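Student: Could you go through a structure with me? I would like to ask about a few places in turn.

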Amino acid sequence: MTHSETKIAILILSAGASNRMGSTTKQLLPWRDTTLLGNAIRSAKQTSCNTVAIVLGSHANTIQKQVEDEKVQIVFNKNWKSGLGSSISCGISALEKNKMKYEAVLILLVDQPFIDTAYLNLLITNYLNSSNGIIATNYFDKAGVPAIFDKTYFSELKELNTDQGARDLLKKYAKEVILLDPEGKARDMDTLDDYYKALKYLK
């Protein structure tokens, strides 16, 4: 696959305040030789996708300074307190303003550091080789992100405005979804305890 063959944008959701982390800015927690956000950007940029965009909200100015040299599109969600849905909506709206006419978007969370380029490319390959419009991650027979949505779903993604993210949309179109097994890579981090456990697992 080449970049010209995959008119897919990757949208990294990184706007939340991470209240369960206390005063810590989760996006900037150290991970390997970078941060959680840096790790997500690296994994995304090593795929065959055309564009990597990041949705920022809480601590936006601080986080932006950390990624200014990454050559990624920065999207600011002024309604980030409304939750993941508003960030997806904001991100899709921004991508549609680009000159590139994307065929699909791959939505990725910043706090799933074990999601790597290999898994993202697996999602992409399944999308390109299938007539299904949604390729999602299998969470005990429930669909979740990372997930790829064909452009035919962009209008509905832009209508999201709650903390449910794309969950309801994935349920609505369950028959059109291909589920992939993340093989343990989809664990996320909501608390500092989750983060420290992940660091131990990493070692």
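Tutor: What follows is a talk through a predicted model.

Student: Let's begin with the pocket; how much space lies in the largest pocket?

Tutor: About 1200 Å³ of space lies in the largest pocket. Its lining is made by 40 residues, and those closest to the centre of the pocket are Leu84, Leu109, Asp163, Arg167 and Asp188.

Student: How do the lining residues divide into nonpolar, polar and charged?

Tutor: There are 18 nonpolar residues in the lining of the largest pocket, with eleven polar and eleven charged ones besides.

Student: Changing topic, is Lys26 buried or exposed?

Tutor: Lys26, which sits in the loop between E1 and strand E2 (30-31), counts as buried because its relative accessibility is 9%. Leaving out residues up to four places away in sequence, Lys26 touches Ser18, Met21, Leu36, Asp111, Met189 and Asp190.

Student: What about aromatics, how many pairs does the structure hold?

Tutor: The structure holds five aromatic pairs. One of them joins Phe114 and Tyr201 in an edge-to-face arrangement, with 5.3 Å from centre to centre and 90° between the planes. Since Phe114 lies in the loop between E6 and helix H4 (117-128) and Tyr201 in helix H7 (residues 192-202), the pair ties together parts that are 87 residues apart in sequence.

Student: Now Tyr139, where is its place and what does its side chain make a polar contact with?

Tutor: Tyr139 is in strand E7 (residues 134-139), and its side chain makes a polar contact of 2.9 Å with the side chain of Gln112. Apart from neighbours within four places in sequence, the residues in contact with Tyr139 are Gln112, Gly144, Val145, Pro146 and Ala186.

Student: Why does Tyr139 count as partly exposed?

Tutor: The relative accessibility of Tyr139 is 27%, so this residue counts as partly exposed; the class runs between the cut-offs of 20% and 50%.

Student: Last one, Glu156: which helix is it in, and which residues does it touch?

Tutor: Glu156 belongs to helix H5 (residues 154-157), and, not counting residues up to four places away in sequence, it touches Leu169, Lys172 and Tyr173. With the side chain of Tyr173, the side chain of Glu156 makes a polar contact of 2.4 Å.

Student: Does Glu156 count as buried or exposed?

Tutor: Glu156 counts as buried because its relative accessibility is 19%, and the cut-off for buried is under 20%.

Key: Residues numbered from 1 in each chain as written. Predicted model: local features only at pLDDT ≥ 70, side-chain atom pairs only at ≥ 80, totals over all residues. Heavy atoms only, no water. 1 Å grid on protein atoms, 1.4 Å probe; cavity = no way out; pocket = protein on both sides within 12 Å on 5 of 7 lines; lining within 4 Å. Points joined across faces, edges and corners; volume = space filled by probe spheres on them. Nonpolar A, V, L, I, M, F, W, Y, C, P; charged D, E, K, R; others polar. Helix = DSSP H or I, 4+ residues; strand = E, 2+ residues; numbered from the N terminus. Buried < 20%, exposed > 50% of the residue type's maximum accessible area, 1.4 Å probe, protein only. Contact = heavy atoms within 4.5 Å. Polar contact = N/O pair within 3.5 Å; in protein donor to acceptor, adjacent residues only side chain to side chain. Phe/Tyr/Trp six-rings, centres within 6.5 Å; stacked < 30°, edge-to-face > 60°.
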